[in-house]
Structures are given as structure tokens and as C-alpha cells.
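This briefing covers sheet architecture, helix packing and nonpolar cores. Please read it alongside the sequence and the model.

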Amino acid sequence: QRDAHQELQDDFDESLRDLEQRLTAVEGVGSKDYLTECANRASLDFYITAICRKAQIETKCYSVAMLDLDDFKGVNDVWGHQVGDRALGELVRTLKREFPTRAFIGRYGGDEFVIVATMSGEELTRRIDRLIRMLRKSKVRMRDGEADITLSVSAGVTQIGDKDDLERVIARADQALYEAKSQGKGRVIESRKDAA
């Protein structure tokens, strides 16, 4: 029985090492979104899938936030796509400043971004709430000689459970994001693990 236990422990250690190597590889070159230079969708999907596996074999807390820029279509329509691209870049720089460690940031598509963080859903929600308040106080230069704009984001957060997979996690985070937007935008809502 002791040998069987040791075998299980060895398998666990090997699985963890394999996951760590794969996650490190995903964070490397060739997995970036060309515009914002954060992780692209394929890398993001792989990363969340791997983190869901880690959550099954570790006791650490992992959480996911999905966020997007409020009224981004209006920015593109009024200011043009170059300015819209600049707004996306500013959002990513702000995210990287707010989450320099313990987080993986990727572009889900369009103006939607995902943060995968090694922290509880509650802590990630607090951090994003602070980020939202910080964005309200900052201005983004749109074009020389013209008014700057303030960026606003809405976000949905969920903590990864030990039975979760990519689809469940994204569905819960997306639903929480939808609720945040329907409650007036510029806010973060945390979903419970069993909500989906």
C-alpha cells in the first residue's frame, strides 16, 4: 500500500511538472495577440484548461475574470479604429501594471480580455474593483489637440472549482460580465462556483 501511495505521489509530481512546463511554453513567443501583445485566444484557452487541471490536483485558489471596455463601439465610431486600438493598448498596460505577478492576461476577442489569477475570486474581484476606480481617474490621449477620454470597464469574476473545465469557467465569467453590464456598467460582479 505504501508503494501504491508513492506511485500516486510520483504521478502527481510528474503531472504537475508537465503542466508547469506547458504553461511556461505558452507564456513564450508566438502566443501573443499582435495588437495588444498579451496572450492570444488559443494560448488563453490552453492556459485556462491547464489551470483547471491544476485546480484538481492542488489546493491553491485560481480565479478568472472576463472584462471588456464599456461602449467600445462608440470609441471606434467617433474616434476611428486607430484610436480604438490605442484604447485597447492602454487597457492592457493598465492591467499589466495592476497585475504584475500571479496573473496571466489574454485577449479573448475584440475588446474582451481575460485575467487568470492565482488568488481567490474575492481577492480578484477586489483588485478589479480598484482597477475600475483607477481607470475612472485616468485620461487616454485620443488625438493631438483633441479631448482625452476616460476608459470604463465591466467585469465578471469566477473562482475555479476542482470539477471545472474551460467551458464552465468561461460561461460563468461571461454571465457575471453580462450582469455587470446590465446593472449599469463600470462595475465587477463575482459569480459563485456553482452558478453555471
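What is the order of the strands in the open sheet? The 5 strands of this open sheet run in the order β2-β3-β1-β4-β5, with mixed pairing. The model is predicted: local features need pLDDT of at least 70 and side-chain atom pairs count only at pLDDT 80 or more, while totals for chains, interfaces and linings use all residues. Residues are numbered from 1 along each chain as its sequence is written, and side-chain values use heavy atoms, with hydrogens and water left out.

**Sheet**

- Strands (E, at least two residues) and helices (H or I, at least four) are DSSP runs, numbered from the N terminus.
- β2 (103-109) and β5 (188-191) are the edge strands, each pairing on one side only; two strands pair if DSSP finds at least two bridges between them.
- On average, neighbouring strands of this sheet are turned by 20° against each other, direction ignored.
- β1 and β4 run antiparallel and are joined by 7 bridges.
- S63 has Q159 in β4 as its bridge partner.

**Helices on the sheet**

- α2 lies across β2 and β3 and runs at about 130° to β2; axes are lines fitted to C-alpha atoms, for helices over the stretch in contact, and angles run from 0 to 180 degrees between N-to-C directions.
- α4 packs on the sheet, where it touches β1, β2, β3 and β4, and its direction makes about 10° with that of β3.

**Helix pair α2 and α6**

- Helix α2 (residues 41-57) packs against helix α6 (residues 166-182) at an angle of about 110°, with the axes 9 Å apart.
- The two helices α2 and α6 are therefore roughly perpendicular to each other (65 to 115 degrees).
- D45, I48, T49 and C52 of α2 meet L166, V169 and I170 of α6 in this contact (heavy atoms within 4.5 Å).

**Nonpolar cores**

- A nonpolar core is a set of buried Ala, Val, Leu, Ile, Met, Phe, Trp, Tyr and Cys residues joined through side-chain atoms within 4.5 Å; buried means under 20% relative accessible area (1.4 Å probe, protein chains only).
- The largest core has 30 residues, of which L69, L95, F113, I115, L124 and I128 touch the most other members.
- At least two residues of this core come from each of β1 (63-69), α3 (72-79), α4 (81-98), β3 (112-117), α5 (121-137) and β4 (153-159).
- α4 supplies the largest share of this core, 6 residues.
- L95 is in contact with L67, I105, F113, I115 and L131, leaving aside its neighbours within four places in sequence.
- A second, separate core has 20 residues, including Y47, I48, M66 and Y108.

Notes: Angles under 35 degrees count as roughly parallel, over 145 as roughly antiparallel, 65 to 115 as roughly perpendicular and the rest as oblique. Buried means under 20% relative accessible area, exposed over 50%, partly exposed in between (1.4 Å probe, protein chains only).
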